[in-house]
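Please read them beside the coordinates.

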Amino acid sequence: MPSIAALNSSPYKDMVAVISEKPSEITPSNVQSTTPQKRKLRSNGPLVQETPVSLPVKRKSPRRCFYSSPTAPENEIEKDSCQQLEKTCNSPPKKLYDDFTDKPKLNPRDIVQMSAVKEALHVSTAPSVVVCREDEQKKIFDFCKACIQQEKAGSLYVCGCPGTGKSLSMEKVKQHLVDWAKESGLQSPEVLSLNCTSLTKTSEIFNKIMGKNIPKRRINGSASPLQHLQNFYSQQQQSSGSNMMLIIADELDYLITKDRGVLHDLFMLTTFPFSRCILIGIANAIDLADRFLPRLQSMNCKPMVVTFRAYSKDQILRILKERLMALPCSVFHPQALELCARKVAAASGDMRKALCICRSAIEILEAELRESASNLNSSAVENELFHPQTAPACEFFKRLESSIVGIDHMAVALSKAYKSPIVDTIQSLPQHQQIILCAAVKFFRGGKKDTVLGELNKYYIDICKSTMIPPVGILEFLSMCQVLNDQGLLKLGQCRDDKMRRLTLKIDAADITFALQGVRFFRNCLQ
């Protein structure tokens with residue numbers, strides 16, 4: 001192209017070189033020009049009449065193109081999509097609860113199966129593995145392990161709310177400790193486990209310890225068991241070669257006396273120079289060591305404290321699943337278990353309460369099925385035995401052989417477990433008696449413990465006036481207070497003048513608030 005070659009010395013050399021490489025983008029074929037051309041519109045192009053008119057290619061949807069290439073024929077795409085659809089339909093459903101969906105449902109007519117379920121959910125049944133308490137067990141085990149290795153006495157206090165796994169964890173720690181001592185070649189500790197509620201008197205605990213530790217031939221009848229133990233742990237020659245002694249005292253708060261002497265002397269056994277006692281006390285009171293053992297703190301021998309907190313919803317759910325995992329059938333609907341765990345965790349976090357509620361839900365299911373069976377027509381049942389395809393009882397027996405505890409059964413069990421007779425009594429009272437209780441709650445909020453009927457009557461009249469309700473007279477007011485006293489809600493004293501009779505609440509004010517908060521009228525009265 002001579003016109004382009006003549007521009008070799010021009011500053012536009014690089015630009016022209018690029019243009020010369022792609023002439024089709026600038027000018028049509030057989031046209032040579034150095035002037036730039038405007039972009040041609042599609043409407044200005046030549047019409048092609050040699051080629052037949054073809055329909056526009058259908059754009060394949062992403063779902064159809066996912067399993068095939070974009071250039072694949074349409075019939076192959078449809079074939080592949082149908083095959084994938086068949087695979088999807090035949091694939092197993094997504095397992096949200098693997099522990100329950102793989103098992104057959106509970107058969108309430110199977111006596112062996114039902115007894116196994118109830119036994120697994122019983123409070124006295126100890127699980128093989130104690131879950132959700134690994135950290136607490138490790139702290140206790142490490143403490144005992146260090147005492148055995150160093151041959152040094154020590155004391156530990158385990159506290160927590162009821163039903164948080166304290167006693168169960170201690171049993172597992174005791175087993176692990178004995179096994180560890182045997183594997184390590186050390187002497188296994190002598191273990192003394194006792195429940196303080198079984199003692200006839202508090203000082204009997206020293207008899208138990210002495211019988212486990214001191215030979216009978218060395219016991220002098222003139223001294224008390226506590227003195228024998230104190231003398232025994234004060235002698236160096238007696239401690240050489242003897243085993244360590246692990247004392248596990250459950251329900252330790254039963255040893256609290258007026259002078260707290262027994263509890264103090266028990267922990268003081270670990271402070272003697274040649275003592276080989278490892279004392280572990282278990283109780284519900286969190287601050288027992290601070291309130292009842294102040295002298296131990298002053299002597300710098302305060303016991304180590306391990307706290308068991310209340311179970312959360314996830315922990316309760318996990319423990320229930322662990323207990324049900326060994327069963328050959330599915331007993332509970334997953335949402336029913338979650339409802340139980342959520343309610344118990346919000347109320348107290350007591351695992352024993354959760355187990356009792358689950359057993360109650362199973363009993364409710366059994367009662368429901370028995371009632372359904374009794375409501376069936378006896379003739380229909382007999383017809384089912386001879387003609388199983390024609391009688392309406394066929395569906396009932398199929399449902400009976402595959403039933404699980406649902407949300408409705410669990411809801412009834414929860415309502416029974418947390419139903420208070422005091423709340424039912426308050427809710428069934430007449431309106432004016434409920435207003436009297438509201439007046440008492442508002443009066444005692446100021447910190448007072450008792451009042452007279454005349455002062456309570458003023459609060460009652462104020463509430464009636466603020467709510468536009470006519471108050472009753474003083475005589476009727478006194479008779480209603482007497483009725484509340486007879487029902488155990490109020491306590492009335494004796495006085496010649498009825499208005500000066502002392503009055504106190506015999507129930508918790510929170511129960512009154514809980515019983516009446518569902519009604520807007522009383523909710524406004526209590527504000």
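1. In this predicted model, the lining of the largest pocket takes at least three residues from each of domain 1 (103–127 + 311–374 + 399–418) and domain 2 (133–214 + 224–307), the domain bounds coming from an automatic or database domain assignment. A pocket here is an open set of points on a 1 Å grid over the protein atoms alone, where a 1.4 Å probe fits, with protein on both sides within 12 Å along at least five of seven lines, and lining residues have an atom within 4 Å of a point.

2. The largest pocket holds about 660 Å³ of space, a volume being the space filled by probe spheres set on the grid points, which are joined across faces, edges and corners. Its lining comprises 33 residues, and Gly165, Lys166, Ser167, Leu168 and Arg352 are those nearest the centre. By class, the lining residues are 17 nonpolar, nine polar and seven charged, where Ala, Val, Leu, Ile, Met, Phe, Trp, Tyr, Cys and Pro count as nonpolar, Asp, Glu, Lys and Arg as charged, and the others, Gly among them, as polar.

3. At least two lining residues come from each of helix H8 (166–184), strand S2 (190–195), strand S3 (245–250), strand S4 (277–283), helix H15 (313–325) and helix H17 (351–375). H8 contributes the most, with five residues. Helices (H or I, at least four residues) and strands (E, at least two) are DSSP runs, numbered from the N terminus.

4. S3 pairs with S2 in the parallel sense over six bridges, and five bridges join S3 to S4, again in parallel; pairing requires that DSSP find at least two bridges between the strands. Ala249 in S3 stands opposite Leu194, while Ile247 has Leu279 in S4 as its bridge partner.

5. Six of the six residues of S3 are buried, meaning under 20% relative accessible area (1.4 Å probe, protein chains only). Met245, Ile247 and Ala249 point one way from the strand, whereas Leu246, Ile248 and Asp250 point the other way. In a regular strand, side chains alternate between the two faces of the sheet.

6. Helix H12 (residues 261–268) is largely enclosed by the rest of the structure, because seven of its eight residues are buried; among them are Val262, Leu263 and Phe267. Across the protein, buried residues make up 36% of the 527 residues.

7. On conventions, residues are numbered from 1 along each chain as its sequence is written, and side-chain values use heavy atoms, with hydrogens and water left out. Local features need pLDDT of at least 70 and side-chain atom pairs count only at pLDDT 80 or more, whereas totals for chains, interfaces and linings use all residues.

Definitions and conventions. Buried means under 20% relative accessible area, exposed over 50%, partly exposed in between (1.4 Å probe, protein chains only).
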